[in-house]
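Subject: A structure for you to look at

Hi,

Here's the structure I promised to pass on. Have a look at it first, then read on for what turned up.

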Amino acid sequence: MDRLYWRDLWRYRDLMYFLAWRDIMVRYKQTVIRIVWALIRPALTMLVFIVFRRLVGVESGSAPEPILVFAAVLPWQFFSAALSESSGSLVSNANLISKIYFPRLIIPFAAVFTSLVDFLITLAILAVLMLFYKFMPGWQFAALPLFIFLTFGLSLGLGLFLAALNVEYRDFRYVVPFIVQFGLFISPIAFTTAAVPERWRALYALNPMVGIIDGFRWCILGAEFPLDLQTQGLSLAVTVLFLCLGVWNFRRMERRFADVI
């Protein structure tokens, strides 16, 4: 049955493209506010953290402070938006689920893909910052798609897990904002991982966004922020774990979606 399911997932890939395209069109067609908001939200987040860093006297080193902070805001905004969209995607598409058969996993996947479009738009802010500070990234920038893919996988894994639970237990929609808010404060956005005492770094790296944010900073700022292999290994392992748990829990509950949604 699993083999047939994954084959159906490939056969219905056009539906995934359609759902993602529909959401993108709803967001951006005949609207300026959504595009502007996609730019303003990460920019304001960056400014808030810059103010916070200066109030507490955090040193930025030789890297331009706005680029240092924005390199962390980029993956966080993608992750938080994708998690919020995917966790509620099944409930918002209840009519579709109750009427026709298709692999339900397509819906959260399309939601994460749609959030990827917002992320690509925010890259315009990074380009402006680099031009303003006359800052050119090194060869490490070529590795950025790998960390984007890692962020996509983490968002999808957690999104699948929460989307399935949200169908059966509707109070889980209150859990997601808490996860996003809590994760914002325990991720190295206003500071760098180097500020964490060395004896606690392995434990801290169990938050997979730590390795992802460190990876983004390395790609954008170069050798000043070298990658820690232990942190990256833990981030990758936890991301794969979340993805596997998300798919397993989603498949376990999927047969009941049409009955309880």
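Predicted model: local features only at pLDDT ≥ 70, side-chain atom pairs only at ≥ 80, totals over all residues.

Which residues are linked in a network of salt bridges? They are Arg53, Arg54 and Glu65.

The side chains of Glu65 and Arg53 form a salt bridge, with 2.9 Å from N to O. Glu65 sits in helix H4 (residues 65-87) and Arg53 in helix H3 (residues 33-56), so this contact ties together parts that are 12 residues apart in sequence. Are these two buried or exposed? Both Glu65 and Arg53 are buried, and the cut-off for that word is under 20% relative accessible area.

In total, the count is five salt bridges. Another one to find joins Arg256 and Glu168, at 3.0 Å from N to O. This pair links distant parts of the chain: Arg256 is in the loop between helix H12 (229-254) and helix H13 (257-260), while Glu168 belongs to helix H8 (residues 144-168), and the two are 88 residues apart. Arg256 has a relative accessibility of 34%, so it counts as partly exposed. Glu168 is partly exposed too, at 31%.

Then there's Asp23, which makes a salt bridge with Arg22; their closest N and O atoms are 3.2 Å apart. With 24% relative accessibility, Asp23 is partly exposed, and Arg22 gets the label partly exposed as well, at 31%.

Trp37 itself is partly exposed, with a relative accessible area of 39%. While you're looking at the numbering, here's a handy thing to know: an α-helix has 3.6 residues a turn, so residues three or four places apart point the same way.

How far apart should the ends of its 27 residues (residues 106-132) be? At 1.5 Å a residue, H7 should span 39 Å, and its end C-alpha atoms are 40 Å apart, which agrees. After H7 comes Lys134, which has a positive phi, near 50 degrees.

Conventions
Residues numbered from 1 in each chain as written. Heavy atoms only, no water. Helix = DSSP H or I, 4+ residues; strand = E, 2+ residues; numbered from the N terminus. Expected span 1.5 Å × (residues − 1). Salt bridge = Lys/Arg side-chain N within 4 Å of Asp/Glu carboxyl O. Buried < 20%, exposed > 50% of the residue type's maximum accessible area, 1.4 Å probe, protein only.
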